[in-house]
Structure formats: C-alpha cells, structure tokens
Amino acid sequence: RRPMRTTIIRLASAALFSCVPSSVALMAQSGVAGPPKFDVASVKLHTSDDQRMMMVARTAGHFVAANVPLRLVIRTAFQLQDDQIIGGPDWLASDRFDIEARAAGMTGPPSLELLAMLQSLLADRFKLTTHREMRELPVFELARARDDGTLGAGLRATACPDLATDLKQPKPCATISNGVGSLTLRGTPFDVFAAYLAPFVNRVIVNRTALDGRWDIDLRWSPEQPQPAPIAAGPEAARVDDRPSLFTALQEQLGLKLSSSRAMVEVLVIDTLEHPTPN
C-alpha cells in the first residue's frame with residue numbers, strides 16, 4: 001500500500017485531533033440521545049479532472065473534503081492510524097469522494113462533536129457498521145534517538161497560537177501536507193505526526209517519545225519505491241533522490257528513531273460498507 005502523494009489537510013483547530021471517547025455505535029447503545037448529525041450533507045463520487053486532494057474542518061459544524069478516499073475519512077472520524085482499520089471492500093482506498101456537510105448554528109473551532117457527526121454521516125450515507133477488537137500487530141515504536149534526548153532541527157515546539165481560543169490564527173497553523181518524500185506539520189499534537197507517518201512505513205506507530213504539546217515538523221527523505229519522473233524534471237526532483245532514507249532522515253532531522261516491535265493494538269473492523277446513497 002503506497003501513501004498518498006499530495007494530500008493537504010487543514011484544520012481550524014487542533015482539537016479535531018483529540019481522541020473521541022466513544023464511537024457512534026457505543027453512544028447509540030447507551031440509551032442516551034442519539035449521536036449528533038449534520039443538518040445537510042452532500043456526498044458524491046469524485047469525477048473531476050482536478051486531482052488535488054483537500055480535507056478541511058472549517059468550523060464546529062462544517063466539514064469539506066475533495067477527491068479523498070473513504071479510508072482517510074474513516075481514519076479521521078475515528079482518529080485511527082491506517083493499519084488500525086481492518087476489512088472493507090477494495091474500493092475503500094481507491095474510490096475518491098467529494099463531501100460537504102454542515103450543522104446549523106455551530107460556530108467556533110471544530111470539536112469532538114464534529115467527529116461524532118462525521119461518524120454519523122458514514123453510518124447514514126455509506127451504511128458503515130463496525131466493531132472494535134484488540135489484535136497483536138507488528139508495530140514501530142517511535143522514540144528519541146539521541147542519548148541526551150535532544151531533538152533535531154526539523155522538530156520544534158510550535159509558535160502557533162492556541163487555536164481553541166484564537167480564531168484569527170495565521171493560515172499556516174494547524175496544517176498537514178505531504179508529498180513525494182515529504183511530510184510537514186504545523187501546530188499539531190505529536191500523536192498526529194505518528195499517525196501520518198505510519199502509512200509511509202506500513203505499520204502502526206506507537207509513540208514512546210513522551211513529547212506533549214503541539215509541534216512544527218519538517219521531514220524530507222528519499223522514497224524507497226521508484227517514483228514516476230515528472231514531465232519537466234527540475235532541481236527539486238534531483239534533491240529528492242539525494243535525500244537520506246526515511247529511517248535515517250528521522251534520526252538526522254528530528255532526533256527520533258523507529259524500532260520494530262509487536263504490541264496489542266485496538267483496531268476497527270469494518271462489518272458492512274456500501275457505496276453512498278444518492279444526495
């Protein structure tokens with residue numbers, strides 16, 4: 001499974017990355033009021049020639065995605081790494097969707113309620129049902145690589161403001177972008193970095209760094225798999241080939257290392273999933 005090349009995900013608040021305390025199914029079983037839902041939602045198969053990908057949580061009740069595989073939407077809704085999603089049809093990673101959903105009267109930065117509404121959308125429009133299991137999986141443990149615990153120049157405590165209270169934050173804050181041999185994060189919790197690094201190593205990453213707070217991260221490496229040559233190869237293409245491997249780049253640029261291990265990991269097993277119902 002190859003990571004996506006040019007995904008851009010912008011979030012109006014780092015709060016969207018927090019763990020959801022319970023799934024929609026668990027809330028429904030508890031006997032309390034039903035899970036929150038968007039008031040209106042448009043879900044369409046992406047058919048445009050525009051291959052740029054984007055996923056944005058603009059406010060507490062406004063979610064937009066363009067040219068995004070459903071696997072990534074499920075990862076976001078349930079706050080999971082890629083290998084924590086088990087099962088599902090072949091089109092889960094191949095078909096791309098355009099989604100826009102709104103909940104009236106919700107303002108301010110995104111919150112856990114937005115994730116619950118996204119889970120409801122998946123259940124209503126894609127007939128998604130799931131259950132959770134604990135499975136022993138091969139993992140990588142992410143830890144500090146240097147004896148003195150110092151970090152590399154590419155890993156810095158963020159200068160971004162508190163996005164939960166400052167709604168006038170500069171646009172470069174709380175963003176994630178990745179391309180061929182690159183991963184850049186601004187103002188994001190460290191567990192988020194582990195989640196977005198995981199697809200590049202095809203394993204769940206367990207964070208053992210003990211790094212709290214939010215971080216700015218710049219990581220550049222040379223992909224192991226051959227990449228198609230650009231139509232007009234320029235200096236940037238040559239620089240990608242000259243970069244170190246991902247494992248070496250982690251140590252040199254961030255002061256971190258990945259160690260192979262096995263661990264019991266909670267996974268989300270997809271029981272049913274269908275193509276979306278018409279708008």
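What follows is a walk through a few helices, a strand residue, some charged pairs and some ring pairs.

## Before we start

This is a predicted model, where local features need pLDDT of at least 70, side-chain atom pairs count only at pLDDT 80 or more, and totals for chains, interfaces and linings use all residues. Residues are numbered from 1 along each chain as its sequence is written, and side-chain values use heavy atoms, with hydrogens and water left out.

Helices (H or I, at least four residues) and strands (E, at least two) are DSSP runs, numbered from the N terminus. Buried means under 20% relative accessible area, exposed means over 50%, and partly exposed is in between (1.4 Å probe, protein chains only).

## A covered helix

Let's begin with helix H2, residues 70–78, which is mostly covered: nine of its nine residues are buried. Among them are Leu70, Ile74 and Phe78, and also the arginines Arg71 and Arg75. Just after H2 comes Gln79, with a positive phi of about 55°.

## Two helices side by side

Helix H5 (residues 190–201) packs with helix H7 (residues 246–254) at an angle of about 150°, the axes being 12 Å apart. That makes the two roughly antiparallel. Here axes are lines fitted to C-alpha atoms, for helices over the stretch in contact, and angles run from 0 to 180 degrees between N-to-C directions; under 35 degrees is roughly parallel, over 145 roughly antiparallel, 65 to 115 roughly perpendicular and the rest oblique.

Who meets whom? From H5 come Phe193, Leu197, Phe200 and Val201, and from H7 come Leu246, Phe247, Leu250 and Leu254, where contact means heavy atoms within 4.5 Å. By class, that's eight nonpolar, no polar and no charged residues (Ala, Val, Leu, Ile, Met, Phe, Trp, Tyr, Cys and Pro count as nonpolar, Asp, Glu, Lys and Arg as charged, and the others, Gly among them, as polar).

## Leu155 and its neighbours

Leu155 sits in strand E8 and, at 5% relative accessibility, counts as buried. Leaving out residues up to four places away in sequence, Leu155 touches Phe190, Leu211, Trp215, Asp216, Ile217, Gln253, Leu254 and Leu256.

## Charged pairs

There are ten salt bridges in the structure, each a side-chain nitrogen of Lys or Arg within 4 Å of a carboxyl oxygen of Asp or Glu. One of them joins Glu136 and Arg262, with the closest N and O atoms 3.9 Å apart. Glu136 is in strand E7 (residues 129–144) and Arg262 in strand E13 (residues 256–272), so this pair ties together parts 126 residues apart in sequence.

Another salt bridge brings Arg156 and Asp218 together at 2.9 Å, N to O. Shared partners join Arg156, Arg186 and Asp218 into one network.

## Ring against ring

The model has six aromatic pairs: rings of Phe, Tyr and Trp (its six-membered ring) pair if their centres lie within 6.5 Å, and planes under 30 degrees apart count as stacked, over 60 as edge-to-face and the rest as tilted. Phe97 and Phe126 have ring centres 5.3 Å apart and planes at 90°, so they are edge-to-face. Phe97 is in strand E6 (residues 96–102) and Phe126 in helix H4 (residues 112–126), so the pair ties together parts 29 residues apart in sequence. Together with Trp91, Phe97 and Phe126 form one aromatic cluster.
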